[in-house]
Each structure stands twice: as structure tokens, then as C-alpha cells.
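This report looks at ring pairs and at one helix contact. The structure comes next.

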Amino acid sequence: MRRFLVAGNWKMNTNRASGEALAGALAAAAPSPEDGVEVLVCPPFPYLACIGDKVSGSAVAVGAQDVYFEPEGAFTGEVAVNMLKDVGCQFVLIGHSERRHVLGETDEIINKKVKAGIAGGLQVVLCVGELLSDREAGQTESVLDTQMAGALADISAEDAKDLVIAYEPVWAIGTGVTASPEQAESAHEYLRKWIANRYDSSFSEQIRILYGGSVKADNAEVLMGQTNVDGALVGGASLKPELFIPIIDAARKLASA
Ligand code: PEP
């Protein structure tokens with residue numbers, strides 16, 4: 001049985017005080033491991049350590065929003081896998097649409113980052129998703145094919161055993177427009193079949209596929225209630241406990257059903 005994962009991507013938001021207050025509220029409300037729901041927060045790099053301290057001992061895990069693929073050296077401004085582990089990170093987001101489309105990250109770079117994250121023992125949340133123009137042109141599945149094949153090139157099933165996929169249609173991120181449950185389920189089912197073809201079906205049944213794109217309290221349950229949706233990657237609604245905790249509660253309700 002796949003455990004739900006509800007992840008908050010804080011992006012370039014919060015400061016030390018507001019991040020700590022948010023993390024403290026989540027730690028207090030987080031489900032116990034028996035609830036079948038994991039909670040993850042991904043604060044900006046400078047706050048990873050203090051947020052890690054704040055959630056220490058709770059069921060909330062901490063992840064970074066990105067990582068560089070080289071282990072050390074003259075790469076000004078970049079952060080290595082071991083640095084993330086050193087400050088208590090267990091997860092890392094890779095290939096978020098803002099990294100792809102705002103910061104120009106290619107599938108080749110994403111593949112190097114996925115390999116580095118896995119080799120260093122981080123749980124990688126690989127983000128994929130199509131632009132509105134791709135969807136309108138009927139290209140959603142071919143975009144997912146390209147992104148998945150690129151990101152997972154030369155990565156074995158054994159290496160990918162802790163991988164999490166986040167399907168995030170770009171047109172739904174931060175727009176208030178959410179994929180319908182049917183659109184989400186269709187893309188998730190496609191991704192699970194893609195993984196079964198590339199690896200094998202028992203592996204594809206274990207892998208968690210999160211939905212991201214304007215998830216809120218009022219749509220979380222129906223989206224996460226789809227057969228192939230195993231949680232949510234949440235941006236805007238992860239920045240306030242009163243918005244994020246109901247999404248965690250929706251997963252908890254589905255896990256106990
Ligand atoms: C995201 O940034 O991954 C995201 C899904 O953002 P939002 O929930 O704000 O659409």
C-alpha cells in the first residue's frame with residue numbers, strides 16, 4: 001500500500017520567523033506514522049537547518065527545492081547533496097516547472113541532479129508536467145515521455161526505489177486553475193504505465209505519484225482520492241497552517257477509509 005505524501009513547496013517565500021512559526025504549527029498537527037500520511041516541507045535553502053530543528057521529533061520531514069549535481073568545488077551559488085544531508089534534509093525536489101521554465105533547466109541537467117540526489121541518499125521528488133500549449137496541442141503524453149525518459153536516463157529500478165514523481169501541469173501551478181480529477185488521474189495512470197514499461201509493474205505499483213497545481217482544502221480530497229494519486233505537492237496553500245493542515249487531514253481521511 002502506497003503511503004500518502006503531502007509536500008509543501010515554500011518556493012522563495014517566508015523568512016526565518018514566519019517559516020519557524022509555520023513549521024511549528026505543522027509539527028504540532030502532523031499525523032502520527034500510523035496514519036499512513038507523510039508530511040514534507042521544502043523551505044528556502046537558508047532556512048533548512050532552523051526548520052529542521054523546529055520539526056525535529058515530529059512526523060514532518062524537510063526537503064530542499066533543488067540541488068546541484070557536483071559534489072563540491074568551484075560552483076558559485078550552488079548547493080551539494082552532502083550539504084543538504086548535513087543540515088538534515090531527507091528529500092529534494094528536482095525539475096520543478098519554475099526551474100525548467102524560468103531558470104532554463106534541461107532534462108539533461110535534471111537527470112544529473114536526480115542521479116546525484118539518489119547516489120547521495122536523498123529521496124528525490126521528480127517534477128514533470130506539460131505547458132498549456134502542450135495540452136491544447138494534444139502533446140501532454142509525449143511531453144511526459146520526454147521528461148521522464150530524460151530525467152531517468154541510466155537510472156535502474158534499484159536506484160529509483162525511493163523516487164517520488166510529482167505530476168504538475170504547468171498551467172495549474174499558481175494559477176488557481178486545477179486539473180480536474182479526471183485529467184489528473186489520466187496523467188497519473190499514464191505515468192504509472194510509463195514506469196511499468198520502463199521498469200516493471202511491481203515497481204510501478206510502489207512508486208508514489210503526487211499531484212501538484214493549485215491544490216487547496218476544497219479540492220484536495222477528490223484529487224488525492226483518485227486511484228493513481230498518492231498525495232499532493234502544494235505551493236501557495238502550503239504557506240499557511242490553516243490552508244495546509246486541511247490538505248494533510250484530507251490525506252489522513254483517505255488513508256483511513
Ligand atoms: C508548486 O509550486 O509546486 C505548486 C503546485 O504551486 P501551487 O500549489 O501554488 O499551484
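How many aromatic pairs does a search of the whole structure find? The search finds 4 aromatic pairs.

## Basis

This is a predicted model: local features need pLDDT of at least 70, side-chain atom pairs count only at pLDDT 80 or more, and totals for chains, interfaces and linings use all residues. Residues are numbered from 1 along each chain as its sequence is written, and side-chain values use heavy atoms, with hydrogens and water left out.

## Aromatic pairs

Rings of Phe, Tyr and Trp (its six-membered ring) pair if their centres lie within 6.5 Å; planes under 30 degrees apart are stacked, over 60 edge-to-face, the rest tilted. Tyr167 and Tyr211 form a tilted pair, with 6.4 Å centre to centre and 55° between the planes. Tyr167 lies in strand E6 (residues 164-167) and Tyr211 in strand E7 (residues 208-212), so the pair ties together parts 44 residues apart in sequence. Strands are DSSP runs of E, at least two residues, and helices runs of H or I, at least four, numbered from the N terminus.

Both tyrosines, Tyr167 and Tyr211, are buried (under 20% relative accessible area, 1.4 Å probe, protein chains only). Elsewhere, ring pairs link Tyr68, Phe69 and Phe75 into a cluster.

## Helices H1 and H2

Helix H1 (residues 16-29) and helix H2 (residues 48-55) have axes that come within 8 Å and cross at roughly 30°. Axes are lines fitted to C-alpha atoms over the stretch in contact, with angles from 0 to 180 degrees between N-to-C directions. H1 and H2 are therefore roughly parallel (angles under 35 degrees).

Contact means heavy atoms within 4.5 Å. H1 contributes Arg16, Gly19, Glu20, Ala23, Gly24 and Ala27; H2 contributes Cys50, Ile51, Lys54 and Val55.

Methods: Buried < 20%, exposed > 50% of the residue type's maximum accessible area, 1.4 Å probe, protein only. Parallel < 35°, antiparallel > 145°, perpendicular 65-115°, else oblique.
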